[in-house]
Amino acid sequence: MEFAELIKTPRADNVVLHRPFEPAVEGTLCLTGHHLIFSSRRQDNAEELWLLHSNIDSIEKRFVGSLGTIVIKCKDLRIIQLDIPGMEECLNIASSIEALSTLDSVTLMYPFFYRPMFEIVEDGWSAFLPEKEFEFLNALTDEWRLTYINKDFSICPSYPPVVTVPKSIDDETLQKVAVFRHGGRFPVLSYYHKKNGMVMMRTSQPLTGTNGKRCKDDEKLINSTLGPGRRGYIIDTRSLSAAQQARAKGGGFGVEVYYPQWRRIHKSVERFNILQESLIKLVEACNDQSHNMDRWLSKLEASNWLTHVKEILTAGCLAAQCIDREDASVLVHGTEGTDSTLQITSLAQIILDPDCRTIRGFESLIVREWLQAGHPFQQRCAQSAYSNSKQKWEAPVFLLFLDCVWQMLHQFPCSFEFNEHFLVTLFEHAYASQFGTFLGNNENERSKLKLPQKTMSLWSWVNQPEELKNFKNPLFEANSLVIWPSVAPQSLQLWEGVFLRWNRPSKFLDEAQEEMRKIISDNRVLQEKVNYLRRKVAHMETNDEMQEDL
Amino acid sequence: MVYRWLFFGRKNVRTLRIITFLCQNVGTVRIVLPQVENVRLLDRLSSRKAAVGTLYLTATHVIFVENGSETRKETWVLHSQISSIEKQATTATGCPLLIRCKNFQVIQLVIPQERDCHDVYISLIRLARPVKYEELYCFSFNPKLDKEEREKGWKLVNLSEEYNRMGIPNSYWQISDVNREYGVCDSYPTEVYVPKSATAHIIVGSSKFRSRRRFPALSYYCKDNNASICRSSQPLSGFSARCLEDEQMLQAIRKANPGSDFIYVVDTRPKLNAMANRAAGKGYENEDNYSNIKFQFIGIENIHVMRNSLQKMLEVCEMKSPSMSDFLWGLENSGWLKHIKAIMDAGIFIAKAVAEEGVSVLVHCSDGWDRTAQVCSVASLLLDPHYRTMKGFMVLIEKDWVSFGHKFNHRYGNLDGDPKEISPVIDQFIECVWQLMEQFPCAFEFNERFLIHIQHHIYSCQFGNFLCNSQKERRELKIQERTYSLWAHLWKNRADYLNPLYRPDHRQIWGTLHPQMAPCNFLYKFWSGMYNRFEKGLHPRQSVTDYLMAVKEETQQLEEELAVLGERLANLQKLQLNGNKVKSKQQDRSKELALSASSNSLANTPQEYSNDLKSFPSRSPSQGDEEDSALILTQDNLKSSDPDLSANSDQESGVEDLSCRSPSAGGCLPSEDSGKDSDEAVCLAV
């Protein structure tokens, strides 16, 4: 298919662009296969707006006489308005945008066409290989091994080719366990806590069904990860009743009699359309420009967004606490083990492991616990807060995770190497990007699409020194401790940087950021100068003494 | 009566005991039971954690000293901070006593014997409700300053200097002595600034037409465009009354701003309230009677509504483990943020009129000492960057609150009085400032701590600034001769109150602030730093302000070292050139070098720097592994033994506890808060 077929009117003049907090600008609108480009004609202010079609969540059009107006609502929550003279042009442009922003073939997406303008220092596609990660683990313990049982994705289509499993369990056993677990997602290692050797594993629900089926190999695997006299907790991300209901559909939960050293805790975390509804309501509340305080608070409350943040963060804390404070290992699962499970395992790691609070470590966490672990990004992030489609599989699971990380960053402003901008950038790229990183739903799909060969990795771009500096938190001081966030409502805040980003002037907050950077860099510069002078003085003094000795 | 000064350090419990024996008879108050052993201090957030210790009642404080542990953690509460004491039903463990403080601290004690509890309760009820000013702490508080220093402290904030700064007196405004000896209005200061064309006759005439004779007087003058903010009380207009002098007074205010042909008259009450006042012979200005005024209502609720609103919000803050919905719903239901927004909106309206339209504004409510004070000071703060400095902010409070007769004693219940007079009027103003600081992080010279400590001392009665209801009463009591000024105290410790991000040079900040109006834009936030001030576990665990201040301090040290090193380098180079030196001189130099080298290493090694950082929350023991402060999950649930396996697994109890706030970390308050210093003297009557 040629994009040209979809573009009925490639260009319109005298278009007026309206954005909040900025004066309206007149200019030219161009449509290309992947971008909507608006450039103002004014020479003094040659400003261009580039918008990826894939970033467009919904589009509305209306007419006053022959002047058409298109309102474009983006997945990054921005809303812009374009006034286009001429009814036909406007209709053409609107329908072109509609068609281009809803292409159903992944291979037509921009990442397959994007050619980077920068030199690749390190290829992000191979920056976080499981083998490398395993080397670190192997240096600490020899109880685990890598298995290539899933190398052709036949055992579990949503798992990567390589996963870490207990050394004592052979591939044959794994194969049997996979049959007993939803989607073949047998228990794998997610995190090893250096301090006490406790581990966190993740899986999907066991397929016990109504008649309480059991699987000896599953029991063997799970029990084998605990030494004698040790305890473990199975954190089920569903309520007990939801877990019980799942039995009717062939799912269920492990009965503790068969897992004697394990205790089960149900920690209900919402999923799917409930989360999507919550996001839609929250964004609606944030975009409400009325000046009524009561309506704002009740809408914020009714959206339940912060309730979800609190639930998820609490569950993450619980898992971390079991490991660090109770000296117990943890197994996390929900139904499929691709959503709430990953929120919890990744949050627990950020709490426990200072490495995950560095930029590199956080990238590695996203790769391990989200991309390789098979979070279906393409389905979940197909639409954002302005969508009308209401598909069951759309859900801001990843955004909620990022929000929880932001809450921690807010409570521990000096313990993260990255800043808020980094989290916002990840949110944007998960929904629309020139990079292939978040395309596809799992490693299987990614390898079929040949993403590493055909597209650029987000990490290749982020990890360039000149980009990296924009994501650095100037206040960062390595903190090797476990960080325990407060989950009280008083401590949790609306993430303004995402939800009010386009509705508030950011000038004063940016200024504060800039001032912070300046204070820190002044200090560093001076530190260097002083060190240099100290060395120089010391050098001259020793020379002096030597001369004197002579 | 003999006064004896005793000094004791924080940990000197023995001295404490002596003192408590000494103070069984304090003035007119008899403390029935000065000391109770084996009292338990409950942690508000988790009933499982309780400290056992001894409770002392002294003339000025309630003190709880923890048993055991070498730290001997102490909790000090000034009697004047106590807002309510509640004796609850006796349980098997003892008799619970709940003390709520005006600085939002809540203390839950369990006293073993019911009789002891009753005695403590009775004593505290009396101690927390002094009947004479002389019983207040400021009359016994002595920060060991001599008379001269005390006088200097009181001169730190000078209102006539402030009016001079505004450019007054000038050809439009003058100082009037019409209120000398408080002859016209006893709640106004003696020095008032009025339009030049307003004669004494007009002022007196106008004052007779205004509630409590609070005639229009100048609060703020903008010298760039001559627009001003004046304040008064409501006119006694009833349904039809007029007063020629009052009309002339408003005319005079308009004429003092030749650039504008009208003035705004802003009534900060809801219209309904103002109309109801007409029936009582009061009310609001009729636009037909006053030439060239534009009349405007801005509905800020009265003190009773505000008192109830705070009460409701504090109930939300006190909830044990609220869900997000409980919290947000409770916050909305309290209406608190709505009221804050109303005050801010009024301030924004006035600031806009003055700065953008160049129109003068007369502000009033009923008596013109609550809402009017709030709104005038918010507007001034928005208009003039001077009020966003530390000194300027002190001046602002002195100008719009203290001098214009805000009834501190009645509103904050310093002396026992009518509970219906109590209302968090200045608390709301302080919160408005905080909300502005959140939106304009570089615009204020001071930080959040400054606001919190001012709020604390408005209630503490440790300093004389906020005593009484008017300047007249303060002068009669000779406050300045008998007590100390808070402003001098804050100024002395100003390093603690600096905002590291303050940029006085910045053009956007050096002018009028334009806050956003819509709640979602402005994002009026719940201020946990104030209302959950003592639940440290709820606050961010690392303070950006403290971190940046430490960095700035280090930068300063580096600068000093740089200068020293530069000098030494120059010397060395000179010496090398000279080659030969006198032996003795050489020795001197090496001595000096050794000295400065050691001091340098102290100030500059990275180890030293990170040691400094140890005071940060993230590095403090509370973050350490042994401390249980970070524990969120209950021990019982996880440690339950195997028999109740099933019970454990299908209940979400392990989960419920997680939703509770993590327990508060530190308990020890900064000395500033509790009105004690390690070297502080306590005055006792023997």
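This is a predicted model: local features need pLDDT of at least 70, side-chain atom pairs count only at pLDDT 80 or more; totals for chains, interfaces and linings use all residues.
## Helices H9 and H10 of chain A

Let's begin in chain A, with helix H9, residues 305-324, and helix H10, residues 340-352. Their axes come within 8 Å and cross at roughly 60°. That angle makes H9(A) oblique to H10(A), because angles under 35 degrees count as roughly parallel and those from 65 to 115 as roughly perpendicular. The crossing of the two helices is right-handed.

On the H9(A) side, the contact is made by Ile312(A), Leu313(A), Ala315(A), Gly316(A), Cys317(A), Ala319(A), Ala320(A), Ile323(A) and Asp324(A). H10(A) contributes Gln343(A), Ile344(A), Leu347(A), Ala348(A), Ile351(A) and Leu352(A). Sorted by class, the contact between H9(A) and H10(A) has 12 nonpolar, two polar and one charged residues.

## Helices H8 and H9 of chain B

If you have the structure open, you can find Ser309(B), Lys312(B), Met313(B) and Val316(B) on H8(B). They meet Phe327(B), Gly330(B), Leu331(B), Asn333(B) and Ser334(B) on H9(B). By class, the contact of H8(B) with H9(B) has four nonpolar, four polar and one charged residues.

## Salt bridges

Searching the whole structure turns up 50 salt bridges over all chains. One of them joins Arg19(A) to Glu47(A), with 3.0 Å between the closest N and O atoms. Arg19(A) sits in strand S1 (residues 11-19) of chain A, while Glu47(A) is in the loop between strand S3 (35-40) and strand S4 (48-52), so this pair ties together parts that are 28 residues apart in sequence. Arg19(A) counts as buried, at 16% relative accessibility, whereas Glu47(A) is partly exposed, with a relative accessible area of 23%.

In chain B, Arg269(B) pairs with Asp267(B), and the closest N and O atoms of this salt bridge are 2.7 Å apart. Both partners are on the buried side of the 20% cut-off: Arg269(B) has 1% relative accessibility and Asp267(B) has 0%. Another salt bridge links Asp345(B) with Lys341(B), where the closest N and O atoms are 2.8 Å apart. These two residues are four apart in helix H10 (residues 336-357) of chain B, which means that about one helical turn separates them. Lys341(B) is buried, at 4% relative accessibility. Elsewhere, salt bridges with shared partners join Glu496(A), Arg504(A), Glu438(B) and Lys525(B) into one network.

Ser377(B) has its place in helix H11 (residues 371-383) of chain B. With a relative accessible area of 0%, Ser377(B) is buried. Setting aside neighbours within four places in sequence, Ser377(B) is in contact with Leu396(B), Asp400(B), Trp401(B) and Phe429(B).

Ile253(B) belongs to helix H6 (residues 244-255) of chain B, and is likewise buried, with a relative accessible area of 0%. Beyond its neighbours within four places in sequence, Ile253(B) touches Pro195(B), Pro216(B), Ser228(B), Cys230(B), Ile263(B) and Ser360(B). From Ile253(B) to Ala217(B) there are 36 residues in sequence and 9.1 Å in space, C-alpha to C-alpha.

## A buried loop residue in chain A

Is Phe153(A) buried or exposed? Phe153(A) lies in the loop between strand S8 (144-147) and strand S9 (163-166) of chain A, and at 13% relative accessibility it counts as buried.

Leaving out neighbours within four places in sequence, the contacts of Phe153(A) are Tyr159(A), Pro160(A), Pro161(A), Glu443(A), Asn444(A) and Ser447(A). As for Met109(A), its C-alpha is 24 Å from that of Phe153(A), and the two residues are 44 apart in sequence.

Key. Residues are numbered from 1 along each chain as its sequence is written. Chains are lettered from A and ligands numbered from 1 in the order in which they are written. Side-chain values use heavy atoms; hydrogens and water are left out. Axes are lines fitted to C-alpha atoms, for helices over the stretch in contact, and angles run from 0 to 180 degrees between N-to-C directions. Angles under 35 degrees count as roughly parallel, over 145 as roughly antiparallel, 65 to 115 as roughly perpendicular and the rest as oblique. A crossing is left-handed if the near helix is turned anticlockwise from the far one by less than a right angle, and right-handed if clockwise. Contact means heavy atoms within 4.5 Å. Ala, Val, Leu, Ile, Met, Phe, Trp, Tyr, Cys and Pro count as nonpolar, Asp, Glu, Lys and Arg as charged, and the others, Gly among them, as polar. A salt bridge is a side-chain nitrogen of Lys or Arg within 4 Å of a carboxyl oxygen of Asp or Glu. Buried means under 20% relative accessible area, exposed over 50%, partly exposed in between (1.4 Å probe, protein chains only).
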